[in-house]
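Please read them with the structure in view.

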Amino acid sequence: MSTRLSTGGSLLNRGKAIEFTFNGKRLKGFEGDTLASALLANDQMLVGRSFKYHRPRGIVASGAEEPNALVNLGEGGKFEPNQRATTTELFHGLAATSQNHWPSLEFDIGALNSFASRFMPAGFYYKTFLFPRFAWKHLFEPFIRQAAGLGKAPKERDADTYEHFYAFYDVVVIGGGVAGLQAAKVAAKGGAKVLLIEQDASWGGRAVIDGGEIDGKSAEDFVAETLNELKANENVTLRTRMMGAGVYDHGYVLGYERVADHAPNQNGPRHRLWRIRAGQIVTATGAIERPLSFAGNDIPGVMLASAVRDYVNGYGVSIGDRTVVVTNNDDAYRTAIALKNAGLEVPAIIDARPAGGGALMEEAKALGIRVETGKGIAKVKGGKRVTGVAICAQAGEGSVLEEIKCDAVAMSGGWSPVVHLWSHCGGKLNWDEVQNHFAPDAARGPTNQDGDVFVIPAGAANGPISLGDVLADATEAGKQAAKMVGKPAKSVKAPKVESVDEAAMEPVWLMPQGASAKLRAKSWLDYQNDVKVSDVRLAAQEGYESVEHTKRYTTLGMATDQGKLSNINGLATLAGQLNAPIPAVGTTTFRPPYTPISMGSIGGEARGEIFQPIRRTPIHDWHEEQNAFFEPVGQWRRPYCFPKAGESHADAVKREINQTRNSLGMLDASTLGKLVVKGPDAGKFLDMLYTNMMSTLKVGKCRYGLMCNENGFLIDDGVVARIDEETFLCHTTTGGAERIHGWMEDWLQCEWWDWNVYVANVTEQLAQIAVVGPNARKVLEKLGGMDVSAEALPFMEWRDGKIGDFDARAYRISFSGELSYEIAVPASQGRAFWDALLAAGEEFGVMPYGTEALHVMRAEKGFIMIGDETDGTVIPQDLNMQWAISKKKEDFLGKRAQERAHMASGDRWKLVGLETLDGSVIPDGAYIPSSGDNANGQRNVQGRVTSTYYSPTLDRGIAMALVHKGPDRMGEVLDIPKLDGTSVKARIVDQVFFDKDGEKQNV
Amino acid sequence: MSNLVSALNGVKAKGFAEVSELGLSGMITLRGDLASKEMAKAIKDATGAKVPATRKVSFGDNGSVAWMSPDELLVLVDYAATGEAKAALEAALAGQHFLAEVVSDARAHFRINGDAAHEALSKVMPVDFSAFEAGDFRRSRLSQVAAAVWKTENGDFELVCFRSVAQYVFDVLKTAAAEGSRVSV
């Protein structure tokens, strides 16, 4: 039985009871409880099942290292699986359920795996699932998919909110135990700006539980006084419930603040991810106790000795009436003493060391506790709960000397410093032969941009175990941090601590040291993934010498606890089997985050409406009001078409085109890129960027231009207008605005830095509206203002002036083949101008058209589209655009590449039009095969379709394609495959399908 | 003139800090030699301010001037005075190599004020606002888009972004300033 004691529990507020449920059962705890302590107070030791064998699993630890007590937490939109009961603060109404069992936690059919465990050793999956091949798909994969994962996936959208927070500190101290408090205090003395964070809700860490005198005061008083001093210092920020999740290059720290996990109904975010820049990082992350490897060490009721102490002292919870303590060091004696002082029975302390312990052993003996030295546990008795232990000689093979009845076992295999954060960014470790643990090597820490070490481990995280050593080390760490950030190091004395005479620990990697194969197969290393001593030994026998390979072969440390309890025991077992020293085997890599953080916190505010930015033109609201069907173009949303009620998209496009060709259409072209290029060298600069000559363009005129990269490939196109002698306005494609702006700046800043040219991106300054169709001039004349007659504003020219009340620049350019003006007005006037055009155009039946109508109309005219006719491998010559390539210019970007033999030869895929013989529409993206196969046995291909549409103007399918030597093959009929397996015949024709002579636009 | 509409038409939201779109503001992108005496005169003529130091904004009687890059300034004036200011710049810089383009309509302009305004901004911009003083200016990132922010002489923050993402920026700032989400550092 685990139960709540009538007294004790320094972390509890017994005045405030809290109700919660576990698997639907109503239970009671107190304020200050964790879910784990409250479950134990209600005798709920069994909390889940292991992953592979479905073994019963009980709570084994009291903090972040807990591998077993993972629960489904919350309901509906607040449901989350795999929540660690030991770090979940109890709150009113908390609802938890256990995981990985069927039909129930108490009776789980999957536990049959356990009986078969000797047939499922390490590497079982790898060996079994290779053969027979067909079984993978039909048998093994479905089985594994069913078994995968511990918790359930949430079904509803997350009801909580999350956010980020950018913060900047001289020193960030991670860990709010006595070491962290002391280091922060010292670091802040010289004026450094300090952030101190603690993952738990309360300060002080182990010292508050374990007691001890610091500067003649109790540990609790020391913590309270230090906290007060830190709170009074305005340079210091203190945060609890905030874990140091990761340390990255250049002093970057991720802090994971669980703002509302303990109060899920409060306003505001649930988690806040702090993205911190720190001058120095102090890791005062403490140490984690190691389990001992003996048979049955996974039976519920076997617990870390420090956890047993935490539950008794911190939460007033006893794990059992009779607790056997088993240890290889002196620290576990504190547990026996604490239990005895709480009025509980400790039948025996089993100390594996032949000589036993120091002063603490004497203290235990004086309390009447039986101490057995040189002994070990042969096996733990019990199934779902410990019922007793069988004692043997540690030096032997497990012959039982005596059985002791008990209902709990407190084990301690020594302590491992939490070196994770030190190691995240490359900090190296040394093996300490005395404490038998890995500790940071100060000489090989992670370095910053100046080559200086930027992480300072402090306290138990740096190796020291005793309270006095911990505080002395933390004091030095604080001084060092202040010095590294350029603050005066004040002379601060480490607090005085009465030292306790402790005997050295002795490494015990297997209990008893000669345990038989049968016992080894029940000696767990990794509780969650069911990895035993026997599995690691088998891996070593089968040739897995690298610890990283062994990890993956056995799944040791690959569970959600990332091996916090199992890593060192596992690699020591591997080293033993390989007969190699432990440091030669080394550790696996420590990677952030320290414990799992929520996906929500990583996403931060980016969800729902603000998942990503959507760019809106000044006319966007109108499009939305008209129920336009939008398509994404970069981050813009552009209307694809404007369907009327009940109208299909295809019908809408057809209507928009017919209206535009016959009378008047309007297009919101505001997204087109607009770059102003100005300076005495602007003409020379544009001559280099465009394939054609821009410097000769006259003021008031426009010219269509092509841009290539250094490799000769087409990257953008658009109309350039010359504004004055020194100024050009370059239109780019919608998607090209930022890219081409960057391209221009790149050349100006890196290559031609001595040319006098400035570029400004004015894309969003202007709303641009295309007024298109035979009545385009009439509608503008109706608005009044500038003369837009054929004489005053000829094709490919522009004028500034007023149209109606609007400040306009009118370009006489056409992408549709119709009489067309593109009118630019300041963006703030854009919507009003659009409305004015709609009103004036009413008598002409004016309709807005979308991007699809734009595409179809340009294809009817044989105009290319960047991204359709080009794909990064197409040169202008492939598109028969030699006319746009200046032969007079000495150089331009792409010129040299286009002269290379492969580019200059006629043996290329070139642009042609395609006309189906039956008038149907060729499938989008179709390839055009030719006869025979290539060297790889694939069908030979002679071209591909780049654009294909139904043309309402011609009432037939039209297409453009890149075809091998296409222009030389006019009239030839090609077979083009369709998706249904049949093919369609199409004739090679000129790419201009409509109004070849441009009579419609030149009016 | 009723034809003129700013990106969000002066929308406001109040959480632990207040976010307001400020309507139309006059802005001119000015590129040139920031160290020249012609530039100093141009800036003074147009705004009454001095050429700002790196990552600073300087305030004058008729406007303010922000440092955008080693060869670029942002001149901020009343919307109606934009043409006049641009003419003053062009007159003073005549004969120099420079670029002056009106970008008033390419931008949206916000104010973020309140005691904890810096906390709302710190959630979405990687900038150390705890050390941010009046006259400080940063051209940076706001969540997923570009933005520039500065602190005015009365302690408010002002921010400009591209007009097309005004709604996104407003929604992000409103979320960052939501009641109950103060960081309290």
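Predicted model: local features only at pLDDT ≥ 70, side-chain atom pairs only at ≥ 80, totals over all residues.

1. Although Asp43(A) is not a glycine, its phi is positive, at about 60 degrees. Asp43(A) has a relative accessibility of 29% and therefore counts as partly exposed, since that class lies between the limits of under 20% for buried and over 50% for exposed.

2. A positive phi, near 60 degrees, is also found at His250(A), a residue other than glycine. The loop that holds His250(A) lies between β14 (242-248) and β15 (252-258) of chain A. With a relative accessible area of 46%, His250(A) is partly exposed.

3. Turning to the peptide bonds, the reader may wish to look at the link between Met511(A) and Pro512(A), which is cis, with an omega of about -10 degrees. In chain A, Pro512(A) belongs to the loop between α12 (467-484) and α13 (517-520).

4. Which two residues are joined by a cis peptide bond whose omega is about 0 degrees? They are Pro592(A) and Pro593(A), and Pro593(A) is placed in the loop of chain A that lies between α17 (582-585) and α18 (599-603).

Notes. Residues numbered from 1 in each chain as written. Chains lettered and ligands numbered in written order. Heavy atoms only, no water. Helix = DSSP H or I, 4+ residues; strand = E, 2+ residues; numbered from the N terminus. Buried < 20%, exposed > 50% of the residue type's maximum accessible area, 1.4 Å probe, protein only.
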